[in-house]
Amino acid sequence: LSPHDPHLWTFYHMRGLTHYHLGRLEEAEKDLSRSVRLPNVTYWPFATFASLLGNRGRLDRAAKIVAELLRRKPGYDTGYARSDLVLLQHAPQWKTFTETYVAGLVKAGVPG
């Protein structure tokens with residue numbers, strides 16, 4: 001991956017999301033942590049990272065990530081998360097993951 005690629009955050013986010021889905025939580029956390037540190041990152045990696053941290057019980061770190069998520073995307077809630085993931089819900093293996101993702105957001109403190 002090129003450190004100068006404007007989509008570097010996207011690559012780390014998608015790789016982290018895939019690791020998360022596959023249950024490779026340590027790898028997911030590393031990639032998502034890299035993604036949220038990049039200067040042009042959007043809100044989406046913060047949501048995925050909050051979900052992961054919530055499901056891992058890392059609530060102190062999750063609270064900071066949720067605060068940044070809500071700063072970047074005011075009004076973000078679990079309903080919005082479901083709409084973000086709507087395309088994933090058509091594949092059976094991702095439908096279950098969507099529920100895991102939303103449950104992690106709730107544990108992390110994202111409004112319902």
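Helices here are DSSP runs of H or I with at least four residues, numbered from the N terminus. The model is a predicted one, in which local features need pLDDT of at least 70 and side-chain atom pairs count only at pLDDT 80 or more, while totals for chains, interfaces and linings use all residues. Residues are numbered from 1 along each chain as its sequence is written, and side-chain values use heavy atoms, with hydrogens and water left out.

Within helix 2, highlight Ala28, Glu29, Asp31, Leu32, Ser33, Ser35 and Val36, which are its buried residues. The helix has twelve residues and spans 16 Å from its first C-alpha to its last, close to the 16 Å expected at 1.5 Å a residue, where the expectation is 1.5 Å times one less than the number of residues.

Of its 27 residues, Phe49, Leu69, Tyr76, Tyr101 and Leu105 touch the most other members. Two or more residues come from each of helix 1, helix 2, helix 3, helix 4 (59–72) and helix 6, and helix 3 gives the largest share, six residues.

Leaving aside neighbours within four places in sequence, tyrosine 101 is in contact (heavy atoms within 4.5 Å) with residues including Leu17, Tyr20, Trp44 and Tyr76. Ring pairs also link Tyr101 with Tyr20 and Phe97 into a cluster.

Now show the aromatic rings, which form six pairs in the structure. Rings of Phe, Tyr and Trp (its six-membered ring) pair if their centres lie within 6.5 Å, and planes under 30 degrees apart count as stacked, over 60 as edge-to-face and the rest as tilted. The tyrosine 20 and phenylalanine 97 ring centres are 4.9 Å apart with planes at 85°, so this pair is edge-to-face. Tyrosine 20 lies in helix 1 (residues 8–22) and phenylalanine 97 in helix 6 (residues 92–108), 77 residues apart, and both are buried.

Finally, select tyrosine 43 and tyrosine 80, an edge-to-face pair at 6.2 Å centre to centre and 70° between the planes. Tyrosine 43 is in the loop between helix 2 (25–36) and helix 3 (44–55), and tyrosine 80 is in helix 5 (residues 78–84). Tyrosine 43 counts as buried at 17% relative accessibility, whereas tyrosine 80 is partly exposed at 32%.

How values were computed: Buried means under 20% relative accessible area, exposed over 50%, partly exposed in between (1.4 Å probe, protein chains only). A nonpolar core is a set of buried Ala, Val, Leu, Ile, Met, Phe, Trp, Tyr and Cys residues joined through side-chain atoms within 4.5 Å.
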